[in-house]
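Hello,

Here is the structure I said I would pass on. My notes follow below it.

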Amino acid sequence: MSVDTATVAKIASLARIKLGDQELEAMVPELNGILSWVEQLGEVDVTGVEPMTAVIPNTLRLRDDVIDADPLTGGNRRDAVLANAPAAEHGFFGVPKVIE
């Protein structure tokens, strides 16, 4: 696959990049070089190679999921939270009706 000046102009237009005529001409061999390199990568035999997401093993550091760990942000604080509500109804925030 190769690109010409018209294709580069269309790509630049889609990417909202303004290129002059000289810049368009300079981009043609560069994009063709990139595309030929990608075609070379497609020819590599990767049978038996497992896909990976990183070159080093990564593990997430997880914290214990403890309920009510923080007394300010933990659970069972419904009454304290609803004390600030302008209108509380049945243990929930009361809001005005928006759809008739």
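How many positive and how many negative side chains does the protein have, and how far apart do the centres of the two sets lie? There are 8 positive and 16 negative side chains, with 13 Å between the two centres. Lys and Arg count as positive and Asp and Glu as negative, while His and the chain ends are not counted; each charge is placed at NZ of Lys, CZ of Arg, CG of Asp or CD of Glu.

This is a predicted model, in which local features need pLDDT of at least 70, side-chain atom pairs count only at pLDDT 80 or more, and totals for chains, interfaces and linings use all residues. Residues are numbered from 1 along each chain as its sequence is written, and side-chain values use heavy atoms, leaving out hydrogens and water.

The protein has three helices and two strands, in the order α-α-α-β-β from the N terminus. Helices (H or I, at least four residues) and strands (E, at least two) are DSSP runs, numbered from the N terminus.

Of the 100 residues, 8% count as buried. Buried means under 20% relative accessible area, exposed over 50%, and partly exposed in between (1.4 Å probe, protein chains only).

Arg16 is exposed, with a relative accessible area of 73%.

Regards
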